[in-house]
Amino acid sequence: MKPAEPHRSGLLRRFYGTFVRPYLALQAEIAFCLLVGVVLSLIDPLILRAIIDRALGDGDRAALLALTGLLVLVFLFRAAFRLLSTYLYSYSGLRILFDVRQKAFEHAQRLSPYFFRRERLGDLLSRLTSDVDALQQAAAHTAVNAASDALTLAGIAILLCWLDPLLAGLMALAFVPLIVAMKRVNRGLRVEGSRAREAYGGMFAFIEERLAGVRLVQEHNRQKAEARGHVRAARPVIESNMRLSMTGSAQTALADLVNTVCLVIIFAVGGLRALSGSLSVGSLVAYYTLASRLYKPLTGLIEVNVQIQVARASLARLFDLFDSAPQVRDDPRAKAPARIRGEVTLSRVGLAWDQGTRVLDGVDLEISAGQVVALVGRTGSGKSTLAAMLSRYLDATQGDIHLDGVSVRAWPLPTLRAAVGLVPQETQLFHDTLAANLRLARRRATDAELLDALEAAGLAQFVRDLPRGLDTTVGEQGLRLSGGERQRLALARVLLKDPWLFVLDEATSALDPQTERLVLDRFRARVRGRSVLIIGHRLTSLTDVDRIFVLDSGRIVESGLHADLYRARGLYRSLYDDQLRHDVEAEA
Ligand code: ATP
Ligand code: MG
């Protein structure tokens with residue numbers, strides 16, 4: 001995805017519309033608590049004024065005690081409401097941001113695996129984690145603080161005007177330069193915020209990639225170089241955040257100055273008025289107390305402003321993720337054919353990558369129900385791409401693929417994915433037990449069924465010999481399986497899935513030729529009646545299939561039985577002979 005555009009309008013509106021609206025009742029409760037809290041926090045200077053002017057001025061003991069009691073009560077209530085509103089807004093913020101992350105995760109899961117090949121996973125992860133966190137800061141804390149600060153400022157302003165309009169007017173003048181400065185700085189803040197978020201994305205991507213590929217780093221003794229790379233990736237994060245905090249601080253310093261000017265005005269003008277008797281001392285004290293309380297909400301608002309501008313960048317990045325539509329779309333009117341048999345027809349199928357390079361061109365291929373077909377060809381000829389298209393990880397840009405007479409686009413995606421079982425070239429396992437990895441294919445499979453599938457894939461004995469058997473954890477921190485073991489596990493998994501069309505993309509390439517033949521024979525005996533497409537490089541293991549298709553530079557150049565193709569002396573023959581020679585040399 002390209003860098004997000006932080007100036008885009010409607011970002012905040014969209015956020016509130018999509019994510020905050022469901023919690024309007026909660027927002028109303030928060031608003032109520034805030035309002036009460038603000039009112040309570042503005043009352044005490046007035047009580048103070050009454051104590052000085054009335055109770056002390058008139059020497060009224062009873063009033064003094066009553067007013068002091070009232071003061072205590074106000075403080076208690078204020079504390080209680082502060083606790084309540086903290087609880088409410090923390091909950092609301094966490095809840096809303098949880099929704100954002102949940103939606104982002106659900107959306108990311110729907111994107112084609114080919115999307116993840118183009119994007120850097122780390123950048124995506126940073127959108128799901130650190131951008132959501134940045135928003136959380138802004139949404140939970142900031143929004144509420146901003147509301148509370150703004151209310152407090154408004155309340156103070158009203159009280160100041162009421163106490164002495166002249167003083168209040170003079171003070172308002174002092175605020176003009178601050179407001180002008182803030183408006184000017186905001187655009188820059190957004191750009192910087194956006195840079196900071198992109199920088200986080202870049203840093204995450206770097207760390208994720210280098211840690212996932214730590215073997216590559218160690219193999220080439222790149223540790224020092226990659227450590228320097230980390231410095232380079234982290235520098236923009238530090239620089240951007242420094243600039244953000246300095247901009248915020250500069251504004252706060254300006255606010256400090258404005259506040260000092262205000263206090264000077266109060267004492268100079270207000271003091272003179274008190275001396276001349278047109279303002280009571282109590283009012284002056286109340287005025288001073290109120291005015292000195294301007295500072296906190298004011299600087300609060302300035303910080304909030306910085307955070308909101310940064311949050312806009314995060315929002316833009318998140319919405320970009322939401323807007324990256326899955327290339328493969330499920331048609332809501334899609335209906336599965338009445339009978340599924342696993343019959344495949346590719347007619348003039350072509351595929352071009354985004355940048356226009358053509359990988360498949362006018363491919364015609366047919367697999368009748370129950371047939372075992374092989375697809376062979378040089379590396380890079382487009383075999384895996386074709387396999388990915390059968391279960392719609394990619395859509396043809398030309399021609400169409402029919403499964404049981406219905407275009408794959410007209411199949412409901414889940415039904416299609418259940419009908420086609422793809423074992424991709426790179427085996428993927430989750431960090432979980434063997435059993436859990438197998439049960440991805442069939443949730444309710446019994447242990448006996450799991451072992452049965454493993455048996456067919458030639459891995460049952462291996463699993464039985466493990467001390468914890470099917471409960472052995474595999475994947476990242478668990479048992480590391482050998483390449484061939486992983487492949488056989490994937491084979492067992494697809495057997496459990498039991499689709500109508502099996503697509504094995506070099507699913508046995510890591511096995512030695514003898515084991516490969518054994519595993520493939522057992523596999524075929526077991527799935528008799530189902531259609532199978534085997535993609536492989538070891539042609540000697542594929543001689544007895546029902547039909548062989550030879551792919552070259554995205555086109556089917558030959559097809560037929562092994563014997564016929566061998567006699568035809570074309571590409572197949574040359575690939576086959578090469579391999580035979582190699583095998584003989586290897587044996588010699
Ligand atoms: P191999 O035998 O090595 O597995 P293959 O026949 O399976 O090769 P494919 O994986 O289908 O080949 O790739 C076909 C071509 O498409 C290759 O040239 C590859 O570089 C290119 N390719 C694959 N994925 C993408 C992508 N996401 N964007 C652009 N080009 C791609
Ligand atoms: Mg491939």
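Where is the place of R235? I found R235 in helix α8, residues 223-275. Helices here are DSSP runs of H or I with at least four residues, strands are E runs of at least two, and both are numbered from the N terminus.

Before going on, I noted that this is a predicted model, where local features need pLDDT of at least 70, side-chain atom pairs count only at pLDDT 80 or more, and totals for chains, interfaces and linings use all residues. Residues are numbered from 1 along each chain as its sequence is written, chains are lettered from A and ligands numbered from 1 in the order written, and side-chain values use heavy atoms, leaving out hydrogens and water.

**R235 again.** I looked up its cover: R235 is partly exposed, with a relative accessible area of 44%, because that term spans the range between buried (under 20%) and exposed (over 50%), with a 1.4 Å probe and protein chains only.

Next I checked β11 (residues 547-552) and β12 (residues 555-560), which run antiparallel and are joined by 5 bridges. Strands count as paired if DSSP finds at least two bridges between them. F549 stands opposite S559 in β12. I saw 2 residues between the strands of this hairpin, and S553 in the turn has a positive phi of about 45°.

**The open sheet.** I then traced 4 strands in the order β2-β1-β4-β5, with antiparallel pairing. The edge strands are β2 (358-367) and β5 (406-407), each pairing on one side only. I found 2 bridges joining β4 (residues 398-403) to β5. H402 has S407 in β5 as its bridge partner.
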